[in-house]
Amino acid sequence: MPRTVVIDCFPENVQKYRDGYAIVAIDVIRATTTAITGLAQGRRVFPVALIEDVVGLASKLQNPLVVGELGGNMPYGFDMTNSPAELSQRTDVERPMILISTSGTQVITESAKCAAGYVACLRNYSAQIAYLAGRHDKIAAIGAGSRGEFREEDQLCCAWIAEGLVRAGFEPENDETREIIRRWSGAPPDAFTGGKSVDYLRRSGQLRDLDFILSHVNDLADVYLFQNGEIVKLPAAG
């Protein structure tokens with residue numbers, strides 16, 4: 001039986017991959033980058049899908065840092081928006097982070113219903129490839145999507161992970177996956193900067209997050225698994 005990899009997008013499509021697939025949740029701008037940045041600091045990170053989940057979880061944690069955005073806006077009472085650059089400057093790493101975003105944290109939480117749910121971004125894409133290659137036969141790289149679109153930065157990250165798996169002996173599951181891999185193969189990390197996500201960061205005065213993302217490509221050798229409501233760091237493969 002061949003090992004396969006597929007690229008898809010949007011939280012609602014995760015359900016298509018419950019039968020034996022390992023999911024890789026990807027939201028480069030910005031949820032998975034923020035989550036992984038927190039984990040790299042040594043924080044505990046708890047992603048949630050619904051705003052209603054935040055209050056209940058916060059009551060169970062010691063002085064949590066409540067982070068995120070919905071529809072591009074930080075909800076009232078949150079400590080900070082979904083910003084990896086801002087998070088990287090904080091020193092209160094003992095505070096566990098609760099994270100919510102418009103679609104990225106939904107992809108992460110939906111992955112709990114699949115064989116395994118990993119969390120990746122450009123910071124750890126090579127480590128993610130190496131870890132997956134020897135452990136799963138069916139892998140789905142799922143971009144978060146935004147406003148009904150598969151955004152360029154998530155396509156690029158999904159494509160790079162899928163291409164690495166193809167080199168390790170996996171087969172693309174469909175023509176769309178092949179096309180996305182082809183489109184982004186050999187592209188520089190900043191190839192997505194003409195997209196709508198970066199335009200949003202520019203218009204909202206948050207380009208420091210873009211600078212952070214582009215200056216932290218492939219700088220982590222760890223992989224991250226979502227289990228029991230928390231993202232945990234695993235040792236890198238090999």
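This is a predicted model: local features need pLDDT of at least 70, side-chain atom pairs count only at pLDDT 80 or more; totals for chains, interfaces and linings use all residues.
Residues are numbered from 1 along each chain as its sequence is written, and side-chain values use heavy atoms, without hydrogens and water. Local features need pLDDT of at least 70, side-chain atom pairs count only at pLDDT 80 or more, and totals for chains, interfaces and linings use all residues.

The axes of helix α6 (residues 152-167) and helix α7 (residues 175-184) come within 8 Å and cross at roughly 100°. That makes α6 roughly perpendicular to α7 (65 to 115 degrees). On the α6 side the contact (heavy atoms within 4.5 Å) is made by residues including Leu156, Ala159 and Trp160, and on the α7 side by Ile180, Ile181, Arg183 and Trp184.

A search of the whole structure finds three aromatic pairs (ring centres within 6.5 Å, using the six-membered ring of Trp; planes under 30 degrees apart are stacked, over 60 edge-to-face, the rest tilted). Two of them are tabulated.

| Pair | Centre to centre | Angle between planes | Class |
|---|---|---|---|
| Tyr118 and Tyr131 | 5.9 Å | 65° | edge-to-face |
| Tyr125 and Trp160 | 5.1 Å | 50° | tilted |

Tyr118 lies in strand β6 (residues 116-120) and Tyr131 in helix α5 (residues 125-133), so their pair ties together parts 13 residues apart in sequence. Tyr118 and Tyr131 are buried (under 20% relative accessible area, 1.4 Å probe, protein chains only). Arg135 lies over the face of Tyr131, at 3.7 Å from the ring centre (cut-offs for Arg: CZ within 6 Å of the centre and within 35 degrees of the ring normal).

Tyr125 in helix α5 and Trp160 in helix α6 are 35 residues apart, and both are buried. Trp160 also belongs to the contact of α6 with α7.

Conventions:
Axes are lines fitted to C-alpha atoms, for helices over the stretch in contact, and angles run from 0 to 180 degrees between N-to-C directions. Helices (H or I, at least four residues) and strands (E, at least two) are DSSP runs, numbered from the N terminus. Angles under 35 degrees count as roughly parallel, over 145 as roughly antiparallel, 65 to 115 as roughly perpendicular and the rest as oblique. Buried means under 20% relative accessible area, exposed over 50%, partly exposed in between (1.4 Å probe, protein chains only).
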